[in-house]
Amino acid sequence: MSKLQVSSAYISAATNRFNEAAALSPDSTTVAFATGSLIALWDIDDENDNGVYETLHGHEGTVTCLRFFGDDLFFSADDKGAVRAWRRAGARWSCTVTVEAHSKPISALAVCGNLVATGSSDSSVKIWSIKQESEKDELDECQTISLSGRYPLAIVMTTLPQSRAIILAVGGTDRNVNVWTRSENLFVRSATLPGHEDWVRALAFRSPSSSDRAGNDDTLVLASGSQDGTIRLWNIELLVKPVPSTHQVNGSSSTDELLDAFEASLADPTEGEEGGRQITLKRHVISVKFQDTGVQQYTITFDALLIGHEAGVTSLSWASQQTNTGNHLPPPTLLSTSTDSSLILWSPSDTIITSSSNSSAAPSIWINRQRFGDVGGQRLGGFVGGIWAHTSQGDEAMAWGWSGGWRRWRSVRADRGNEDEWREVGAISGHRGPVKDLGWSLAGEYLISVGLDQTTRIHGAIPCPSRKVWHELARPQVHGYDLVGVVWLGPWTFASVADEKVVRVFEAPGSFIETVNSLGVGGVVENDRDRPAAASVPPLGLSNKATSDVFTAPSLVDSTTRGRRPFDGELAATTLWPEVEKVFGHGYESITIASSHSHELIATACRATSPQHAVVRVYSASTYQPFGSPLEGHTLTVTRIAFSPDDKYILTVSRDRTWRAFVKEDNGYVPVAMDKSHARIIWDCTWSSEGDIFATASRDKTVKIWAPNVTSDRWPALATLKFKEAATAIAFCSLDDLSTIDRRLLAVGLETGEIFIYSGSKSSPDTWDLACVVGRRTAHVDHIHRLAWRMTEEAHIKQLASCGEDGTLKVMTVQVGVD
């Protein structure tokens, strides 16, 4: 029996649509982000730009919030109200504690000192204390803060200046920023900061820097962002009381009354068309009591109103106070993201503001230093969230969008002056939802995938100095229906089916061929004929139209893009493939598609509840005309179609619990065999590369191995493999290129996400031995939809691609050894 070693080569995953769904470790090397119910780990400082290297499973619901507590500990929360702590021991992350914190989804999470705060749509904020141990952590509930029917959308915590007291800011659906302070054991409500005209979605504290330019500036800055498109900055300082006098007290009282009247007039909805933005100028004084030092008072004052986004602000993040050089301290910089597809970097102007007051909190003017993203408004839902990173290659502003893909901009110190030069660098992407189908290209250099996010994506391995690294290379189809199946019809042609009655055929444009040629992706053939430069989708249309004029086409091969992979913004807009053909025939929505190994035929099936529609239609791949009559026999939906290696047989499996085989004749395929041994729906079927056996996988928790019999219509079942869960995907792999091994592999994907790999002798197809189990940590955590093997340059190394309901696509490297 051969030994197998399985490792992860590529993980494609999208980020959840929550503004706290990603967090950066304090050492700025690891980004942890939520993808479905999983947590993906991405090393952003990797020299090969390898992307996601691991996924962590454990949550039962969709992960909504992540927060690091140190380089080796972070917390996560989900929409079922659970909070988990994850700790790293060596190179392995594991869950150390799970708490059912709330009865409803958790929308906000914050950490400070030994405290964790969770905000939920049950209209409460809970405070937890952390007890760290060597192998297990504990979370003990300390306090529950009721918000009286309002929902918390953002929570931040930090310590007050020159104090050990903790300040908690909560933003939510009441349009205010509510401030709570804790000096001893419990948080007490201290202030309410009004001004925003819509929900407060983002909050961020900037702590005083010990190396600040002022030397003695102990101002704590709170930034609040709202759906009204504005950002407000609030200064929190220790109150220094002047020498009291009757004249000063009376003057202060009259000034506060005038400010109250002025603010009320600004907030009057009759003033101006939009009611006017409320400017809060009054100082809010909060008191914190200590048993040993008495009472300390702090002031919260409005400092600046930042207006620049055209839609709601989704996240805020302050730049790190680290310095790139020994003497240069960067100005305080705030990163903001918005649903208008923009990311803005704000920092104070160099203009000096004069003030008659001797207060250190003189008003400041904040300006838009840099603006990234897309021009033209809310394309694809804009940015959901953003974070700062301080890597070995420079400062980075990072954000993820509505479709789950990331974009990164890196600053490079200019040769002259203090201004930084920013440029976009490659990031990661993935399907935003279940991935339904995948397939290797003819030579195995590309992997194509489709999913319920209505996109088709092409992935390829790009050569790097030390290895090949997988990335998304193109997004040839951005559709209006959920995509469910895809097959290659040639080196540059594929066909896809969606939740519609049409099969659509696409051919690669010249820009894609030029891009992969410049990247050095293996297996690329010469451009054998003239091709359109690119493609575009007309307004209100579903078909990609070819664009022949290279000047009007969104070209990928200009001087700025040559030699690098497309960024996520380009993938979504400029890598479409033109549609060359539509194939009709079915009466209901398509469900699956298959192509012959000669790529001369394609076969399709649709949803069906009657024998009339439970047919398989076969078409010529050259003329797209029907080849023979529809293949009848099933009574319910056909779930999978498979051609034998020599295209002599077509095998179909169905919800009616039967498989049927059809043999090729001059004028089409005709029935030759069937069986109804399975007790539940049959999900998948596949042929061995030798064509001597095939397998079927069923919800009855079995995989059966069958052999064709040319002399009978009853084909025998050679073996039955039993599992504890339903089998949903299967794929054979031949080991012919290993001359010392007369064996083959069979991969079986289960409904729970595990992959079982069996080894069997070609001379004894009725005997199969379990060679390896790929657990949920490396494989998936939900229904596996498709498995596909490919050969590599090295005979003892195979690669297995898998996709599933958990929204991830993975390529695993399987090393085959010999006993």
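**Reading a helix and its neighbouring strands**

Tutor: Let's start with helix α2, where G510, S511, F512, I513, T515, V516 and L519 are buried. Keep in mind that this is a predicted model.

Student: How should I read a list of buried residues in a helix?

Tutor: The general idea is that an α-helix has 3.6 residues a turn, so residues three or four places apart point the same way. In this case, seven of the 10 residues of α2 (residues 510–519) are buried, so the helix is largely enclosed by the rest of the structure.

Student: Which strands do the buried residues of α2 pack against?

Tutor: They pack against β32 (446–451), β33 (455–463), β34 (468–478) and β38 (534–536). Just after α2, G520 takes a positive phi of about 75°.

Student: And how do I read a strand?

Tutor: In a regular strand the side chains alternate between the two faces of the sheet. Here, take β10 (residues 106–112): six of its seven residues are buried, so this strand is largely enclosed by the rest of the structure.

Student: How many bridges join β10 to β11?

Tutor: Six, and the two strands run antiparallel. A110 stands opposite A117 in β11. Together β10 and β11 form a hairpin with two residues between them, and G113 in the turn has a positive phi of about 60°.

Student: What about a sheet with several strands?

Tutor: Look at the order first. Four strands form an open, antiparallel sheet, β23-β24-β25-β26. β23 (313–318) and β26 (366–373) are at the edges with a single partner strand each, so one side of each has no neighbour in the sheet. Seven bridges join β25 to β26, and W346 stands opposite N368 in β26.

Terms used: Residues numbered from 1 in each chain as written. Predicted model: local features only at pLDDT ≥ 70, side-chain atom pairs only at ≥ 80, totals over all residues. Heavy atoms only, no water. Pairing = 2+ DSSP bridges. Buried < 20%, exposed > 50% of the residue type's maximum accessible area, 1.4 Å probe, protein only. Contact = heavy atoms within 4.5 Å.
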